[in-house]
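Student: I would like to learn how to read a few features in a structure. Please take them one at a time.

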Amino acid sequence: METSSEQSVLGPRRYRNNEKLIAVGDRGWQRAKDNGLIDIKVDFESNNRLVDTTSRHEFMLLCSCSYLGLNHHPKILQGAIDALQEAGTNSLAMSTLRIRLKLMARLEEELRELYGCPTLPGVTCSALTAGILPLLASGHVTEDGQPRVMVFDRYCHFSMAYIKPICGDESLVLTSPHNDLNYLEDVCKKYPRVAYVADGAYSMGGLIALEGLLQLQERYGLFLYIDDSHSLALTGERGEGYVRSRMKMNPLTMVVASLAKAFGSSGGIAMLGSEKSFDFLYRNAGPLAWSQNLQMPSVGASLASIALHRTPELRELQGRLARNIQLFDSRFPSPNAGNGMPIRLIQVGEEERAIRLSSELYQRGYYCSAVFFPVVARGEAGVRVMMRADMSEEQVRVFCDDVQDILSRF
């Protein structure tokens, strides 16, 4: 029986419950480790050939977010080297707000030109989110200066859901059923200022209900905060991503994204709908003003990726990826087939079966991540598969053959 003093130190747990999360979720991670599926140390030759440094087992990655294969593109690697040599230092090791190297200023200018709006870089997309969301909740991002009810989509990425307790100190925080426009409209009718926090392309393969959200924005002044990390570089003439390729920026919209996925670099960006937000967020968005900043190799890799985005090669890579996605979808139909995104889930039910499938695929030379609660709901575990442009169509076919053969024996 707990004493009164033990009860008094327990937090309210309105937005998170580590005890429950770890008790259920860590069991799956331990099983994955017991099956040799985590903590693998490798030598890298390409995304299609990694070598375990201990066993010398060779395998290809089917869970890499480098959807265009730019993480090892010669131009991107050379850009990182060139920037380091030009700057003569990794970084200034101080707040970017106070002083920043000219290559950093150049990156800001080129991002603005590429995406057609003020674009704020950060060390990570998660750092940007951690700095911006509390200011959005308190009303300091928008011109009215009034707090906004923060509605987080149930499936929004952990990096955003992680900030719920902080936002809860500034305003009312609610959790919406996934893509439930009716729920969101009811909230908008009840409260005059609402912000919706969601993904553009979800990490398990689905897409945001963008058209309906834009209608709610026009009708009620709904602020949209969207993390579109999984589609940046994949769609749009300049690789602006799923959301930006379908809408113009406005003062009631902000799109954040990681540069460490298809873009081929590292760091994160926030595409802003207001010019005023750029300097304001640099000064006030916490992690953006602290001492750590983008390292010069990351800046150089990003500049090289921007240059590549301006060439026909981007469209070529996007086309290769699209063909591989279509091929996979033809072999494994799913609710997300045809949406153009590279993430698919081969669902098998319980976490034990997901780990078994992942393990057997690894033995055949493929690393696909087993996903289970809390990444997905209980009973919906499976193996997450990501297509890439640097896979040949023959490699995709052989992989699909192997998956079907394993599943036939389950």
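Student: Is Y282 buried or exposed?

Tutor: The terms rest on relative accessible area: buried is under 20%, exposed is over 50%, and partly exposed is in between, with a 1.4 Å probe and protein chains only. Y282 has 3% relative accessibility and counts as buried. F278 is buried too, with a relative accessible area of 9%. This is a predicted model, in which local features need pLDDT of at least 70 and side-chain atom pairs count only at pLDDT 80 or more, while totals for chains, interfaces and linings use all residues. Residues are numbered from 1 along each chain as its sequence is written, and side-chain values use heavy atoms, with hydrogens and water left out.

Student: How many aromatic pairs does a search of the whole structure find?

Tutor: A pair of aromatic rings is described by the distance of the centres and the angle of the planes. Rings of Phe, Tyr and Trp (its six-membered ring) pair if their centres lie within 6.5 Å; planes under 30 degrees apart are stacked, over 60 edge-to-face, and the rest tilted. The search finds eight such pairs. In one of them, F158 and Y162 are tilted, at 5.3 Å centre to centre with 50 degrees between the planes. F158 is exposed at 51% relative accessible area, and Y162 is partly exposed at 44%. F278 and Y282 form an edge-to-face pair, with 5.5 Å between centres and 80 degrees between planes. These two residues are separated by about one helical turn, because they are four residues apart in helix α11 (residues 275-284). Helices (H or I, at least four residues) and strands (E, at least two) are DSSP runs, numbered from the N terminus.

Student: Which residue lies over the face of F278?

Tutor: A charge sits over a ring if NZ of Lys or CZ of Arg is within 6 Å of the ring centre and within 35 degrees of the ring normal. R112 lies over F278, at 5.8 Å from the ring centre. R356 lies over the face of F410, at 4.2 Å.

Student: In what order do the four strands of the open sheet stand?

Tutor: Strands of a sheet pair through backbone hydrogen bonds, either parallel or antiparallel. Two strands pair if DSSP finds at least two bridges between them. The order here is β1-β2-β3-β12, with mixed pairing. β1 (42-46) and β12 are at the edges, each with a single partner strand, so one side of each has no neighbour in the sheet. β2 (residues 49-52) and β3 (residues 58-61) pair in the antiparallel sense, whereas β3 and β12 (residues 366-367) run parallel.
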